[in-house]
Amino acid sequence: MEQFICNSCEKNYEMTSIIWKCECGGVLNIVKDTPRVDMTAWNNYPNSLWRYFETMPFSKDSKTWESVTMGEGQSPLIVLDPIEPNVYVKVDYMMPTLSFKDRGAVVLMAKAKELGVTKVIADSSGNAGTAIAAYAARCNIACDIYLSDETSPKKIAQIKAHGASIKEIHGTREEIAAAAQNAVDSEKVFYASHVYNPYFYEGTKTYAYEIYEQLSGVPDTLIIPVGNGTLLLGAYYGFKELFENGLIDHMPKIVAIQAENCAPLVKAYQNGKESAQPIKNRGTLAEGIAIAAPARSKQILEAVRNTNGTFIQVKEDEILNARAKLSEKGFYVEVTSAVNYAGYMKYKKKAEEKIVIPLCGAGIKSK
């Protein structure tokens, strides 16, 4: 029987379609050993993130994913500028719903379908909701998405197009999540959360596997935006699996970027805290990482510290300037994704340091 374990009190739970957090309030992880990475098996699967299927906690004869996938993954890794040949961007907005959230959503919804789920609820700042809605449609599973009434109209239109029911909430990101969680508990349905459900990270960890193949090794540094830590934790777990299998000889340093107007993790890191305390969001254009109370803050801070990484915060004008500069180089990203490049421009890199920066969402998604 598959099990979850609480990250706080270490209580174990049998995995069901309705459990999403520990009774102590802690977040859940999957009980599993480090998977054995057999590179020779990768070519037995399609050239998508499912290439790494055997590292995911599914039974090896599971075929559910085959009817759910839309070919997500294997995004290009490109030198950003010829004058900086060791700096790469991974164009993760080249996905079915135009953001990296497809990595986690497809794995999570494949699991939901395998469990016989008939309805899911999710809350989102936009991209995760779009991805969950799209893959729920692929699975013929009913879907409610809770989001802010100030979400980009383009993201709302995209979610509606996939047939999901939208619940617009006037309030903070945390109030929106609370509304979704109340609905999950009252309706006793599957919470397709990119924050609470650890299967989402089984999808985002493929980001690391792809980089490993594309570089034939490991970069020195990953520059990653962080709100709830969906990509940061996935990348950390993926490289950790590669390291523990002896395929790489070091972990890449994680440099985490937050918008200055909503930076609880930066504050916790600077003050030497194990977890972040909730703060007030002062308002940022980077809606995708405007998380004032990240539920997995302890794990995020551990990942950064364990890789000898650091946090950088960026101002609103720096984000907009970075977006413009990326556009000049041919990459049109949404505002949140420009946070990465803004952080890179403030990062004091070493000569020959090999750096990877994700481009997480397409520019047409922004307001």
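Colleague: So what's the strand order in the open sheet of 6 strands?

Modeller: Keep in mind that this is a predicted model. The order is β4-β5-β13-β10-β11-β12, and the pairing is mixed.

Colleague: Which strands stand at the edges?

Modeller: β4 (77–81) and β12 (310–314). Each has a single partner strand, so one side of each is left without a neighbour in the sheet. On average, neighbouring strands here are turned by 30 degrees against each other, ignoring direction.

Colleague: And β5 with β13, how many bridges join them, and do they run parallel or antiparallel?

Modeller: There are 5 bridges between β5 (residues 84–91) and β13 (residues 355–359), and the two run parallel. Within that pair, Tyr88 stands opposite Val356 in β13.

Colleague: What about helices, which strands does α10 lie across?

Modeller: Helix α10 (residues 316–328) lies across β4, β11, β12 and β13, at about 90 degrees to β12. Helix α9 (residues 297–306) lies across β11 (253–259) and β12, and its angle to β12 is about 115 degrees.

Colleague: Which residues lie nearest the centre of the largest cavity?

Modeller: Phe100, Lys101, Gly288, Ile289 and Thr336, out of 22 lining residues. The largest share, 3 residues, comes from α11.

Colleague: And how does the lining split by class?

Modeller: It has 11 polar, 7 nonpolar and 4 charged residues.

Methods
Residues numbered from 1 in each chain as written. Predicted model: local features only at pLDDT ≥ 70, side-chain atom pairs only at ≥ 80, totals over all residues. Heavy atoms only, no water. Pairing = 2+ DSSP bridges. Helix = DSSP H or I, 4+ residues; strand = E, 2+ residues; numbered from the N terminus. Axes fitted to C-alpha atoms, helices over the stretch in contact; angles between N-to-C directions. Contact = heavy atoms within 4.5 Å. 1 Å grid on protein atoms, 1.4 Å probe; cavity = no way out; pocket = protein on both sides within 12 Å on 5 of 7 lines; lining within 4 Å. Nonpolar A, V, L, I, M, F, W, Y, C, P; charged D, E, K, R; others polar.
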